[in-house]
Amino acid sequence: MAISLQKGQKIDLRKSSGEALTNFCVGVNWGAIETEKAGLFGFGKKKVVEDVDLDLSCIMLDQSGNLVDWIYSPDYNAWLSKNNYPLGKLSSKDGGLKHSGDDRQGDVGGDDGLDNEIITIDLNRVSPTIDKIYFFLNIYLNQGQSFDFSQIPFAKIRMYEGTSTRVNTVHSNYDIVTDSSYRGKRALILGKLYRKNGEWKFDAIGEPSEDQIFVQTMQRIIKDYK
Ligand SMILES: [Ca+2]
Ligand SMILES: [Ca+2]
């Protein structure tokens, strides 16, 4: 049975058979904002869909908390390069982690049960210098948009065995509560994978913040770690 993670919970990465979980996916599933508006002159009802662009990213730190590697969208590379930030990319240098690519809308017409952005992980390929991998989620607002996590109909994260297109066994899941406590919050540190006594473990962090862009969340993680 899949583990329902609570904020702050720490778990071992083991399958129900007791074997270490080394090949799995971290996926995020979310919905677009759909509202009904009265039609022209108050007649009829019209469904209005507002796209929700969440971005799943991760950074890898060494034992001293230095940035070793990262996965975040290359779509912002022009801006990143102008501001001297490392350029975005969708796979890690060691080939251990790969991102499925940018989803800019979220599910329309309700939860389709599939993850919209996925990072596929093979822990056996992760560089030995990497000690911690932090996963985080940011809302990218298009021009004229101004919503936060409290307005998104649903957002869930899960770890499962399978591929970016097939779910075999769900190991654990975490429902991001999209209630009023998330008002004004556009960033969320989801959790971290880390090494302990030669084994990988996972902490569900679930910490929202008011960061406007993912580089702020990245800097927050590194600063809080040190
Ligand atoms: Ca996205
Ligand atoms: Ca979905």
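Next, pick Leu-61, which faces Leu-67 of strand 7. This is a predicted model, where local features need pLDDT of at least 70, side-chain atom pairs count only at pLDDT 80 or more, and totals for chains, interfaces and linings use all residues. For your selections, residues are numbered from 1 along each chain as its sequence is written, while chains are lettered from A and ligands numbered from 1 in the order in which they are written.

Now show strand 6 (residues 53–61) with strand 7: they run antiparallel, joined by four bridges. Strands here are DSSP runs of E with at least two residues, helices are runs of H or I with at least four, and both are numbered from the N terminus. Five residues separate the two strands of this hairpin, and Gly-65 in the turn has a positive phi of about 85°.

In what order do the six strands lie? The order is 2-14-13-10-6-7, in an open sheet with antiparallel pairing; strands count as paired if DSSP finds at least two bridges between them. Strand 2 (10–12) and strand 7 (67–71) each have a single partner strand, so one side of each has no neighbour in the sheet. From one strand to the next, the twist averages 20° (axes are lines fitted to C-alpha atoms, for helices over the stretch in contact, and angles run from 0 to 180 degrees between N-to-C directions).

Next stop: helix 2 (residues 214–225), which packs on the sheet and touches strands 6, 7, 10, 13 and 14. Contact means C-beta atoms, placed from the backbone, within 7 Å. The helix direction makes about 30° with that of strand 6.

Which residues of helix 2 are buried? Select Phe-214, Thr-217, Met-218 and Ile-221; buried means that 20 or more other C-beta atoms lie within 10 Å of the residue's own, with C-beta atoms placed from the backbone. These four cover an arc of only 105° around the axis, which puts them on the same side of helix 2 (the arc is that of the directions from the helix axis to the C-beta atoms). The buried residues of helix 2 pack against strand 6, strand 10, strand 13 and strand 14.

Finally, display the whole chain: two helices and 14 strands. Its C-alpha atoms fill a box of roughly 65 × 45 × 30 Å along the principal axes. Buried residues make up 33% of the 226 residues.

Technical notes: Two residues are in contact if their C-beta atoms, placed from the backbone, lie within 7 Å. A residue is buried if 20 or more other C-beta atoms lie within 10 Å of its own, exposed if 12 or fewer, and partly exposed in between; C-beta atoms are placed from the backbone.
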